[in-house]
Amino acid sequence: MAVAVRKGRTTASPHASITTTAWPGFLGSWLSRIPLPKWALIAVAVAVAILLLLFLICIVRCCCGKKKPKKKERINLCAVSNSTTASLVQPEMEDLERGVEQIHRGKLQYSLEYNFRTQELKVGVKQAVELKAMDSGGTSDPYVIIYLTSDMKKRYETKVYRKTLNPIFNESFTFQVPQAEVPESTLVMQIYDFNRFAKHDIIGEVRLPLASVSLQHVIEQWSDLAAASKVEEEQLGEICFSLRYVPSTGKLTVLILEARKLKRMDSHGLSDPFVKVHLILNRKKWKKKKTSVKKNTLSPYFNEAFVFEVPFNQIQNVDVVISIWDHDKVTKNEPIGKLFLGCRATGNQLRHWSDMLSNPRRPLAQWHILQPPDVVDKALGLKSHLKLSLASR
């Protein structure tokens with residue numbers, strides 16, 4: 001009996017050792033159903049993990065592969081030494097400037113006629129077509145400025161035409177040009193887009209050296225507008241003011257608001273500007289007023305109003321002269337620039353005056369570019385014995 005019991009214990013021990021090596025928990029019960037040894041399952045798991053890792057690496061390379069070629073491309077382009085290939089990749093500055101100039105700006109039709117007896121050059125500004133749109137609505141408000149490089153102080157302006165890319169000007173202007181100066185002069189015709197409250201944008205220009213054309217007969221031709229030349233004439237500054245006229249009371253109100261970018265008149269690079277407002281009636285001195293002096297500034301703010309009594313039956317005969325002066329305690333006050341408005345004015349000045357008359361009792365503000373004083377005085381044609389002394393303090 002004892003032997004039998006001992007044998008039974010010895011035979012039971014192998015079964016106990018098998019149960020201790022089984023996979024624990026739910027995973028163990030599931031794996032125990034697979035008819036594979038433990039080492040084989042571990043090998044399969046490792047293989048699956050390697051496949052997953054390779055799959056992730058492929059995904060990362062596909063997502064980031066687009067950026068790497070750009071980096072290589074930039075490096076390769078910098079290392080190019082062949083001149084032909086380099087010109088294709090990186091054009092010269094001259095080519096870039098030529099590309100800018102090829103932007104379509106429109107065409108201008110004009111005529112030239114030179115009178116050798118009176119030595120006068122008559123310039124006719126006919127029309128423009130297909131102008132570049134400068135406004136948000138797809139149109140422009142074009143007008144033309146005409147001058148000669150031999151005398152840039154004398155400039156003419158056409159009327160402003162609203163909301164059109166094909167204006168018809170049909171205006172003529174006469175320049176006094178000695179025959180000896182004709183070959184050295186260049187006729188400049190610049191088309192601007194009018195803007196009441198901001199700087200007028202230039203659409204394009206035509207520069208015609210008079211030495212390159214034959215003035216023995218009348219010339220009429222079309223020219224493409226080119227980009228504005230970088231060579232500009234001396235800038236005197238701009239001034240903003242409003243006009244208001246009440247016909248029933250005959251009161252003309254001139255509100256001087258501000259000026260900007262004035263010409264430097266003092267040695268330290270600034271000016272002491274003030275504004276004079278003159279009224280000319282039938283080309284004779286009539287009334288005048290002036291603002292306070294603003295010290296050491298090129299962009300003064302005035303906000304000063306002047307009221308003049310102008311009967312309605314005289315408003316067509318009145319010129320309003322706006323001039324900016326540099327104040328000097330020791331020497332004589334020097335004029336910076338001026339302009340005039342009225343029925344005899346041209347360009348933006350005439351437009352501002354016409355808008356005032358068309359909108360009675362309503363103040364209308366506008367920026368204007370200052371012109372050389374002698375040009376304005378000549379255009380006014382004041383009578384010599386009654387010429388307005390603009391140098392008075």
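Student: Why is Arg162 called partly exposed?
Tutor: Arg162 has a relative accessible area of 36%. Buried means under 20%, exposed over 50%, and partly exposed in between (1.4 Å probe, protein chains only), so Arg162 lands in the partly exposed class. Bear in mind that this is a predicted model, where local features need pLDDT of at least 70, side-chain atom pairs count only at pLDDT 80 or more, and totals for chains, interfaces and linings use all residues. Residues are numbered from 1 along each chain as its sequence is written, and side-chain values use heavy atoms, leaving out hydrogens and water.

Student: What makes Asp141 and Arg162 a salt bridge?
Tutor: Their closest N and O atoms are 4.0 Å apart. A salt bridge needs a side-chain nitrogen of Lys or Arg within 4 Å of a carboxyl oxygen of Asp or Glu, so the Asp141–Arg162 pair qualifies. Asp141 sits in the loop between strands S2 and S3, and Arg162 in the loop between strands S4 and S5, so the pair ties together parts 21 residues apart in sequence. (Strands are DSSP runs of E, at least two residues; helices are H or I, at least four; both are numbered from the N terminus.) Asp141 itself is buried, at 9%.

Student: How do you know whether Lys338 is buried or exposed?
Tutor: Lys338, in strand S15, has 1% relative accessibility, so it counts as buried. Asp377, in helix H8, is 39 residues away from Lys338, and Asp377 is buried too.

Student: What makes the side chains of Lys338 and Asp377 a polar contact?
Tutor: They come to 3.1 Å. A polar contact is a pair of N or O atoms within 3.5 Å; within protein, one must be able to donate a hydrogen and the other to accept it, and sequence neighbours count only if both atoms are side-chain atoms.

Student: Which residues form the negative surface patch?
Tutor: Asp151, Glu181, Glu184 and Asp374. Patch residues have over 30% relative accessible area and no salt bridge, with like charges joined within 9 Å. Glu184, in the loop between S5 and S6, is exposed at 66%.

Terms used: Patch = residues over 30% accessible without salt bridge, like charges linked within 9 Å, V, L, I, M, F, W, Y side chains within 5 Å. Areas by Shrake-Rupley, 256 points an atom, 1.4 Å probe, with all protein chains shown as cover. Lys, Arg positive; Asp, Glu negative; His and termini not counted. Charge placed at Lys NZ, Arg CZ, Asp CG, Glu CD.
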